[in-house]
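Subject: Structure for you to look at

Hello,

Here is the structure I said I would pass on. My notes on it follow below.

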Amino acid sequence: MGVQMSCKKYLSWLLALAVTTLYVAGAVAATAEEGPMIVRLAERGSEGAQVLLAGMYLRGEGGVARDDRQAADWFEKAALQGNAYAQMKLGDLYETGQGVGKNATIAADWREKAAERGNIRAEELLGKMYLEGNGVAKDQVKAEYWLNRAALEGGDAQAQYLLARMHLEGAAAAPNPALANHLLAQAADQGHEEAAEMLHLVDELGYSLEETLHQRPPHLHKLAQDGDVQAQYQLALRLENSLFSSAEDRREAVTWFERAADSGNLMAMKSLAHIYDKGIDGVPAAPGKASYWRQKAEQQAKKK
């Protein structure tokens, strides 16, 4: 009988865990009938129920109206009990100012707590914060540490992409082009578009891109200004793709892509088609321009 009861309790625990996971992921919505039970359990201190209740307030379900402030309060109650998911979500809320005052420093604090408990998304986001100096002082060593954990241990595609860029641009402690390629391929396999695009660039241009992407030799700008088409394209790539590129750098990159494309550079034409198709690098989406450069690229490819 005792073994039977233990099995039942274990199965009940597994079922509760599965339901909680589905609720948290938003795959299952709490019903109005389930809402009162979740509220009672949350008020009695169940961190799992507190997370569920926070999600109910965040989405306005389970018989409660949407209330971001209440959602933040219940996430914090669960977070203070050590719930890693709640800590990660609080980081998100503080970063965007949803239900709480916007505060990147507090966001980083909560994400670090979640990351230390193995939350993969918190590891990735914290790594990015250290990379950008958002809410924390810029620290490439800490950025690499957290991105490593999320990418290599957790398989997070965004972390794999960011870590690959650190290796390609010389920002990693021991840059490793082979590891960067492996990480980009893993992220691309998960459908990460930017990783797929960068992997394509590395394949097209070879290790010259990997070795010099983070560098901007003084002579390159002069060569580009003097009309060297390949220099114009290379300068555009570096301005666009550096981890440390500013919005102004990316807008300047478009100018150099256009100059190189006007002189017949095939890869510059392809780059412009993608830029205008997606509306990136500080320019609005322009289907007409995207189509124009795509056709020019096709015509240029036929000449080769």
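Of the contacts in the protein chain with a separation of 6 or more, 48% are between residues 24 or more positions apart; contact here means heavy atoms within 4.5 Å. This is a predicted model, in which local features need pLDDT of at least 70 and side-chain atom pairs count only at pLDDT 80 or more, while totals for chains, interfaces and linings use all residues. Residues are numbered from 1 along each chain as its sequence is written, and side-chain values use heavy atoms, with hydrogens and water left out.

The protein chain has 17 helices and zero strands (DSSP runs numbered from the N terminus, H or I of at least four residues for helices, E of at least two for strands). It has 304 residues, and 42% of them count as buried (under 20% relative accessible area with a 1.4 Å probe, protein chains only; over 50% is exposed and in between is partly exposed).

Helix α2

Helix α2 covers residues 35-43, and G35, I38 and A42 are buried in it. Seen down the axis of α2, these buried residues fall within an arc of 65°, so they line one face of the helix; the arc is taken from the directions from the helix axis to the C-beta atoms. They pack against α3 (47-59) and α4 (68-80). Just after α2, G45 has a positive phi of about 105°.

Helix pairs

Helix α6 (residues 104-116) packs against helix α7 (residues 120-132) at an angle of about 135°, their axes being 8 Å apart (axes are lines fitted to C-alpha atoms, for helices over the stretch in contact, and angles run from 0 to 180 degrees between N-to-C directions). That makes α6 oblique to α7 (under 35 degrees is roughly parallel, over 145 roughly antiparallel, 65 to 115 roughly perpendicular, and the rest oblique). The crossing of α6 and α7 is left-handed, that is, the near helix is turned anticlockwise from the far one by less than a right angle; clockwise would be right-handed.

On to α7 and helix α8 (residues 140-153): their axes come within 8 Å and cross at roughly 155°. α7 and α8 are therefore roughly antiparallel to each other, and α7 passes α8 in a left-handed crossing. The residues of α7 in this contact include E123, E124 and K128, and those of α8 include K142, W146 and R149. The contact of α7 with α8 has eight nonpolar, one polar and five charged residues.

Helix α9 (residues 157-168) and helix α10 (residues 177-189) pack at about 155°, with axes 8 Å apart. That makes α9 roughly antiparallel to α10, and the crossing is left-handed. Among the α9 residues in contact are Q160, Y161 and H167, and among those of α10 are L183 and Q186. This contact of α9 with α10 divides into ten nonpolar, three polar and no charged residues.

A residue in α16

S271 lies in helix α16 (residues 266-278). S271 counts as buried because its relative accessibility is 13%. Apart from neighbours within four places in sequence, S271 is in contact with Y233 and F257.

Regards

Methods: Nonpolar A, V, L, I, M, F, W, Y, C, P; charged D, E, K, R; others polar.
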